[in-house]
Amino acid sequence: MTDWTPYTARAQQWFESLRDQICTEFETIEREAGSDAAFEYTRWNREEAGNPDPGGGTRGLMKGKVFEKVGVNVSTVKGNFSKEFAATINGASAEEPGFTATGISLVAHMANPHVPAVHMNTRFLTTQAAWFGGGADLNPPLPYEEDTADFHARFRAACAAHNPTYYERFKKWADDYFFIPHRGVHRGVGGIFYDHLECTDEAAFERNFAFTQDVGKAFLDIFPQLVRRRMGSEFTPEEKQTQLQWRGRYAEFNLVYDRGTLFGLKTGGNVDAILMSLPPEAVWS
């Protein structure tokens with residue numbers, strides 16, 4: 001059986017590097033808008049009875065002129081799932097509940113309703129199996145076909161560099177996953193979502209790690225372009241109200257259906273970091 005410890009460390013280093021690059025770019029956008037907003041970083045430590053090294057993470061949070069609320073979190077944790085939860089996780093069981101998980105998670109809620117909100121997450125997990133997962137999806141309160149097309153084109157290119165089937169497969173996965181059944185609507189205009197890119201050996205790890213890195217690079221490339229394109233747009237009170245109502249739908253999805261939220265809560269993650277995905281303001285009507 002492969003010892004995945006050094007591979008987890010490599011993945012963690014990448015996720016932290018990507019976090020630093022994204023936060024720097026977002027702060028640069030704030031400066032361009034005449035704001036001095038910056039990320040505040042809060043370290044948290046996980047606790048697990050009988051586990052001397054359960055890990056933890058760092059929550060990065062910024063509230064600015066362009067980014068009304070953006071969270072960028074990196075965590076690396078290890079320990080044992082509860083017996084009940086282990087039965088729902090790839091490669092784990094009540095008899096083999098051990099796991100490690102490292103990843104980056106980002107959600108940005110924007111001040112201007114013409115600027116799309118966004119979610120991005122990539123991760124590496126090990127149980128008795130090892131795999132990468134993640135993706136990114138665009139969530140505009142006021143969709144623009146140009147923005148949607150550019151977002152998808154960038155991730156299509158990232159996928160094509162690794163496997164000609166990835167984009168269509170992972171786009172459909174995002175469309176199916178980011179759907180609110182009780183509302184009968186999608187959360188946004190999609191993107192890509194993937195999970196269980198299995199690492200059966202070192203070569204598979206390298207392939208899947210390279211793809212996951214390119215997903216992060218694609219996000220860092222395209223999303224700031226969309227922000228700069230729309231952040232100076234004038235908006236009406238009615239358009240702001242549309243954004244707030246849309247945010248209510250977003251919150252419903254994250255609290256009821258999102259697997260990442262459930263994973264964090266079930267594994268003793270930091271509640272503030274887990275719920276950073278919730279918008280700063282929303283309405284229901």
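**Exercise 1.** Find the elements against which the buried residues of helix 4 pack.

*Solution.* Start with the model itself: it is predicted, so local features need pLDDT of at least 70 and side-chain atom pairs count only at pLDDT 80 or more, while totals for chains, interfaces and linings use all residues. Residues are numbered from 1 along each chain as its sequence is written, and side-chain values use heavy atoms, leaving out hydrogens and water.

Next, pick out the residues: Y166, Y167, F170, A174 and Y177 of helix 4 are buried (under 20% relative accessible area with a 1.4 Å probe, protein chains only; exposed is over 50%, partly exposed in between). Helices are DSSP runs of H or I with at least four residues, strands are E runs of at least two, numbered from the N terminus.

Now list the partners: helix 3 (145-160), strand 7 (179-180), strand 9 (190-198), helix 5 (202-230), helix 6 (237-256) and helix 7 (259-266).

**Exercise 2.** Work out how the buried and exposed residues are arranged around helix 4.

*Solution.* Look down the axis: the buried residues of helix 4 fall within an arc of 110°, so they line one face (the arc is that of the directions from the helix axis to the C-beta atoms).

Conventions. Contact = heavy atoms within 4.5 Å.
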